[in-house]
Structure formats: C-alpha cells, structure tokens
There are 2 protein chains.
Amino acid sequence: MNKIRLSAIFKLQSFIIFILSLITFVIPLIYSVYLEDEEILCYIIPIFISLLLFSLSAAIKAENITEKEALIIAVSVWFVFPVLTTISYLLSGYISDPIDAYFESVSGFTTTGASILTDIEKLPESLLLLRSLTNWVGGLGFVVLAVSVLSSRLPIGRSIVKFESSKIIEERIEPKVKEVARIVITVYLVMTLLQIFLLYITGIDLYNAITYTFSTVATGGFAPKNDSVAGLSSTSAEFIISLFMILGAINLQLYYIAFKKKSLKSFFKDPEVITYVGIISVAVGISTAVLYISGTYNSLWESFRYGMFQIVSAATTTGFSTTDYSEWHPSVLYLMLLLALIGAVSGSTGGGIKIFRLIFMFKIIAGEIKRIAHPKIIYRPSLKGKVLDISTVNMFWAFLSLYLFSLIFFSFILTLGGHDLVTSFSASIACITSLGPGLGEVGPASNFSSFSDFEKLMLSFEMIFGRLEIIPVITAVFIRSI
Amino acid sequence: MNKIRLSAIFKLQSFIIFILSLITFVIPLIYSVYLEDEEILCYIIPIFISLLLFSLSAAIKAENITEKEALIIAVSVWFVFPVLTTISYLLSGYISDPIDAYFESVSGFTTTGASILTDIEKLPESLLLLRSLTNWVGGLGFVVLAVSVLSSRLPIGRSIVKFESSKIIEERIEPKVKEVARIVITVYLVMTLLQIFLLYITGIDLYNAITYTFSTVATGGFAPKNDSVAGLSSTSAEFIISLFMILGAINLQLYYIAFKKKSLKSFFKDPEVITYVGIISVAVGISTAVLYISGTYNSLWESFRYGMFQIVSAATTTGFSTTDYSEWHPSVLYLMLLLALIGAVSGSTGGGIKIFRLIFMFKIIAGEIKRIAHPKIIYRPSLKGKVLDISTVNMFWAFLSLYLFSLIFFSFILTLGGHDLVTSFSASIACITSLGPGLGEVGPASNFSSFSDFEKLMLSFEMIFGRLEIIPVITAVFIRSI
Ligand SMILES: [K+]
Ligand SMILES: [K+]
C-alpha cells in the first residue's frame, strides 16, 4: 500500500485553492473597488492567504500524485476552501459568528444555498456578489470533480464514470479527462453568459442579472434579495430562471454533443433526461391541479406559474422561491421534498440521489418480478446497455444505504436539539440533497439562524457528505487505517 | 408455464378459511353464550358462511396444488378472510360502515392494531375478545406462512428461508416444513398461556389477561380498553407485557432450539437477536435520558418506565401505549418511528424491514469500504456464513426499494387528502410496518376514524403489502400476465 505524502497533497491543494480563490475573490474585489465600498480587505486578505500558501508550497518538489492522494485532495478541498470565504464574511462584520460564516460558505460552495442571514439586503453588493459566486464556483467545481478526479483509475472513479457518463460520451471521450473538463467548463460559461443576457434584455439590471444567474446555473439558490426570486418582481425572469434551473440540472456534456452534432437527439436518447423531464412534468401537473382545487390560487394560470416554479426549484435542488409556500397543501410540499431527494441528472450541478439511481432501482424491481415468474431465466440488470456486475451493484446499494442512513442520522441530531419532526427531517433533506430551504423552522420565509452552533456544523458536514455522494468521503477517512 | 386452476385454489382456500374461522369465531361464540349477550349471531353466521364454502368445495376433486397456486392462496387469504370478521362487526351494529369494519379486520389480522373505533369500551366483551383474537390468529398465520408456504421450492421461498432461518435450524429442519410449523405453533401457544398465567397471578382478571395477551404475543396492539395498556393500571402488567412484546418479536424457532438444547446459547449466537436487543437497549437509554432531561418526567424511574414501554412497543411493532406520548420530545418520537421501520427479528410475529436486512445493509457498506481500500481483493458479502450470490442480493434490494416506494406512495396518497406531513408519513409507516398508531391525527390518543373511506381502503392494502413483505404480492398480481 502506498504511503500518503502530506507534502505532495499540500502542494497540489495549495495550487487548487489559489486558482479557486482567484475565481472567487477577484470579481468581488473589482466590483468593490468600482463601488468604492469599505469591503476591499474582505477580498484582498483571502487572496493574500491563498497566495502565501501557494508560495510556501513552491518550495516542495513537484511529484506525480497517486490516486489516493488525489482523492484526499478532492474531498478535503470542500472542507478547507470555505475557510477563506468564512474569513471574508467575518472581516466584513456582517456575520460575526465563525460557525455561521463557515455554514454560509459551505452552503455556498456545495450549492446548497441554505442561509443563516436574517436580512440579506443589509449586506453590501460586493459581498452578495461573492456569496452568489460561491454557488457558481462550487457548481463548476462539482462538475469538474465528477468528470476529472473521480473518473481516474480508482475503482470508485471507474464505477462512477460507468454510471454517470452517457454511453456516447463514455466511448468517445472517457480517456481524455482533460478534454471533458474543458467541454464542461465551456458549456457552463456559455450557459451563464446566455442567462445573464436573457435576464438583462428582459429588464433586470446587470448586477441582479449576474448574481441570480450565478446561483441559477449552479442550482445553488443564493439570492441577493430577502424574498429570493420574488424580489425581482418579473414574470419573464421567473420563467427564464425556471428554464436555466432545469438546464443546469441536466448532464452538461449533452449540450456539447448536441452542439457538435447540431441535433437535440442526444437529449431524447438519454434515459435520465427523459425520465427527469417526465417526472417534473407530472409533478407540475399535479401541483397546478392541487393548488387550484385547494383554492391556494383562484386562477389556473397563477396555480401553474407558482406551482411550476416551486416544483422546478425543488426538482433541480436549487431552492429558489417566488412565494412563501410553507402553508401550501401538504401534498405539494411532500412532492417538493420527494423531488429534491430523487434529485437531478448525473453530470449536472444538481444534487440528490440522481435520476439514474432511480431508474436502476426500478430495473432491479422489474428484474426480480421477471425472475420470480420465470425462475429458470437468469436475469441481470443493465444500465445504458451494460450488464452490471455484482461489484457495481453492491457499490450502488452501499451508496444508497449510506445516503439514507446519513439523512436519518442528521435528522435525529436535529430532533435531539428539540426541533420538530418536519423541521428536522426537511432540514436534513435540504442539506444532504443541496436543496437549501426546508419546511417548518427552516421554511422559505425563514432560515437556519435558529440552529445551534453544533447543529450548523453538523449540517455543514452533511452538505459536504451529500455533495461528494458520500462514499469517497468515507474512503478518505478510512483509507489510512484500513 | 402451468395453468392456474381456480377450482384447486378455491378448494384449498375454503379449507384454510374454514379452519381459521373455527379458531377465530368459536371462542367468542362460547364466551357470548356464557355471557348471554346479544352477539351470538355475529359469530355463528361467519362460521356458517365458511362451512358453506367448505361444503361447496367438497364437490371439487382433490389435487396437488402447484407452487404458484399456493402463492396465490397465501396472498389472497389476507384479503379474503377479513371479510368474515367484517361481517361480524357489521352484524353487531357497533361498526356501521363496511369499509371501517374491513379496515378494523385487516388491521387485526395483519397485527397492525390501527383502529377506527372512537370508544372501544362501548363494544361488548365477546366482540372485543374476537377483536383481540384477530391479532392472535393473524400473528400465528404470519409465522406459519413464513415457515411453510414461503419456504416451498419457489425461488422466493428458498431465498426467504436462506435469509430467515437461523443456520442451525436451516441445516436440521428446513426440509421438514410441517415439523417447523408444528414447532412454531407450539411455541406460540406456550408463550400465550405463560403470559396469561403471569398476568393473572399479578392480579389482572382472566378476561383482560387473555385479551391483552392475544394482542401482545402477536405484536398486534389491539386493547379492549380506550387507553391501551394504561387501562390496566398495573405496573407489573406493563413489565410483563414489555417482556412478551420482545419475546413475540424474536424468531420463534429459537425457543424450540433453546428448549431442546436446554441452553440459551442459540439466542446469543444469533446475530439478529444480539443486534435487536442492542438497538432496543440503546434506544431505551436515549429515551430515558431525553425524557428526564427535557422534563417530561421528574424522576429517572418514571422516565425509564414510560420511555422503555413506548420504545419496546415501537421496536416490536406492537403499538401498545401506557401514556399519550404525542407531546413528547421530538427525538423520542423520531426514534420510535425509526425503530418500527427497522422492525423486528425475522421468523417472529413482528413487522418492519427486519433486523437481518439492516445487518445486510451494513455488510454491503463495510464491504464497499474495504473494496475501495483494497481494489484487488474481490469482496463478497455473506450472511450467516453463506456468501450471497447476485440473485439473492438483487432480491434483497428489490424488496427494500419496493418497501420504501410503497411507504412514500401511501404517504403521498394521504397528503393528497389534505393530512399534514407528520400524520401522513407516520400513518404510512404505522401501516406498512404493522406498528398501528402513528403521530398527529393518528397519534396514541387518537385513531384512523378521521380518514376517508378511500384512504382507509388504501391503508388496508398497505397493511397487507407490508405484512406480506410485498414481493409475493406483486408476483401474485403479475404471475398470470408475465
Ligand atoms: K440549492
Ligand atoms: K401492531
């Protein structure tokens, strides 16, 4: 077994943190200088710290890192990098408790979008820009992680690729990890620019167009206003944001294929996308009907408009809202939690269990029914044309079991703190799926500020666990001891 | 593929129903005659109907039935037999709605113990005896079903035996299904007589000793009094009932082995029993601490006494209560729902997912962690010394997926009816696990009477689905069409 070299980890980690801090802090710094606000140090100091780390690491001789070391870096960066934005928040003085600031930072980078802020609009614009950027950088980082580090020769990586890439991609591009990463970054950038442009031409000012877009394509959900997307007071913006939430929750590689082939066939051929769009459509239909019949809205149009936005926001695990839905009919609330739990398409910025795993579960069930009826036929479930061997099947279920156990464990921690069942369970779902808002004490009109420091720290870990799809986390923890 | 012969099914079904109706209705009939109450017809008519069916079936030539036919009988009897007690309830006039009466009947035979009665004590004693007997007969029927029909040569049966029997039993007795059934029935009878005796010598009158015992060993939870076990006003009875709830929730075959070998080693060697007792102990410890610290009770003794009973009642899926716990600290309520969902030991009368499946999940997770750390080692999970092949693994996960989907589906049906999230989710857990009472509208001081007829019917099906551990149900539905 290879020894893990902390120096090599530190060297690469410092480099990654330096790059991330440039993307994260330079734009708010420029905006801060432009506005001549008093927040300049909030952005300069983190850049300086990351530069310092990077300089220190320059003394270490460059070496190829092993797969285990890469995995450790990929996991630990989610815990470490948010410390820099924690420093920003603390320096600004708008968040005074370090745990609060860390929670807000982790919530940003994991694209969860859960907040401890009680009055968002009190914060200076440059700081809110930084806050939205944490969503954007986190979303990008997650997708790049999924296609690069995790698709390495580690067994875990191979299996994820096996599951997560569409067949077409897998055959053509899998070995060229760097190329896939470049494609994904390009798609993400184009998507971002397109949404900013669309919001801007429909009358949203550039600052809001940019901040809302950062949190939309990342399915992050941080908004620079207290009432989320309702704060924009624009119906066209609602629909643009709905569209881009869905676009951000679909495998980014498919856009590149569609662009290359000048055809949308890649979308219609992808079982995940079809299932996903189908599920969302049915859910929008149900919620529109329920909101109308239960009298929440008097017109079918309004029932559709509000129902659709909230459902899409939940299904994409974005967590934006256009109304305080906490008193809505319980069936719609239940549906929203369920959709967040099911989650988005793999290879996207969205969270949750992911659609391909749902498809997988149904295949297993269907296979068992067939097998019982025809005991002599050996049935083996397949995904995207490949028969799954027992290792892949076991890893899949291990993931699902761990996901559910974590969900239950963190809910239980919250109930121990005296929070009611709806608050505890929905907050745990909101954090592990990277949805953001929950119900009860953490509903859309509320936030996570009422939780204790211990609970906020636990939920920060849950957000990272959920984002990393857990197994690599556990591996990283155990890798040295086993 | 064999043709399914309805006449053969009808013949055996009629015979089984006749036997069941003798066990179910003769005792209340005798008690009714003894009391000279006005309910005699409620017991005579169902016996007469089953006798009529049996006589009609006598005209059919006896044939060996196939495995598929046996499966169909084993499933359909849970839907059909409760019709007879439905008739009893309706004839008595104490339940006037047929769906209510069917719900109460299914709830009895599935040992769920959920009730639509708002004033139980209004019912005549002979009818309450019948009601407790539905629990007792259902619990016995379930265990016999598990060891006989399901352990046939059907692949489903074989796999269940593989999982459910302890290794010792499997090697020695598996082929002799009838012998195992006889052992299980004997253990059940001895357990019943022992509990009646213990309750009686501690001062409970014979009628209550018998009715409470019927619902205890079956982990059923029907009580002849409005406040469940609190109605007995006896601390010693509480502890006797706690003990027998646990005894009823442990593999009945283990008692026989212990008796034969004059040693309790079979219990300590069984990983399910050890895990189960461990989980209950930890949960009792937590709940005692929480109830004391949160000030629900002022003394540690009372915190233990009430905490222990409610936790044991939930973990064994019995559903008895000694207090209205609905306002207890949320962590204890959460723990109770979780324990019911995890369920009891296989081969017992208890419900839920079952302990061996929990152990299995942990083995899969542990295996994956080992595999990631040592990619070259092929790791295969095993249970009770046997390596599990991919078919067994798939069937296990198919069960778990279907169980969770059903739980979610039925909860959603309830939210559509406008019930709040806690009511809907807990009612669905209470029905699928055969726990009985839930929280919110269906809490311990309340009942299922506020649900609509449609909802009661759906929950009746959910109780049967949960009791049959689902896959045979699906198979029976699909077996003709596939
Ligand atoms: K989010
Ligand atoms: K029960």
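Ground rules first. This is a predicted model: local features need pLDDT of at least 70, side-chain atom pairs count only at pLDDT 80 or more, and totals for chains, interfaces and linings use all residues. Residues are numbered from 1 along each chain as written, chains are lettered from A and ligands numbered from 1 in written order, and side-chain values use heavy atoms, without hydrogens and water.

Start with helix α2 of chain A, residues 40-58. Helices here are DSSP runs of H or I, at least four residues, numbered from the N terminus. Which residues of α2(A) are buried? They are A:Cys42, A:Tyr43, A:Pro46, A:Ile47, A:Ser50 and A:Ser57. Buried means under 20% relative accessible area, exposed over 50%, with a 1.4 Å probe and protein chains only. The buried residues of α2(A) pack against α1, α4 and α6 of chain A, with contact meaning heavy atoms within 4.5 Å. The face turned away carries exposed A:Leu41, A:Phe48, A:Leu56 and A:Ala58.

Next, α6(A). Here 20 of the 23 residues are buried, so α6(A) is largely enclosed by the rest of the structure.

Now the potassium ion, ligand 1. Its donors are the O atoms of A:Thr111, A:Thr112, A:Thr219, A:Gly220, A:Thr317, A:Thr318, A:Ser434 and A:Leu435, at 2.5 to 3.0 Å. Donors are N, O and S atoms within 2.8 Å of the metal, or 3.2 Å for Na, K and Ca; water is not among the atoms, so sites may look incomplete. A:Thr219 sits in the α10-α11 loop and A:Thr318 in the α15-α16 loop of chain A, so the pair ties together parts 99 residues apart in sequence. A:Thr219 is buried at 0% relative accessibility. A:Thr318 is buried too, also at 0%.

How values were computed: Helices (H or I, at least four residues) and strands (E, at least two) are DSSP runs, numbered from the N terminus. The expected span of a helix is 1.5 Å times one less than its number of residues.
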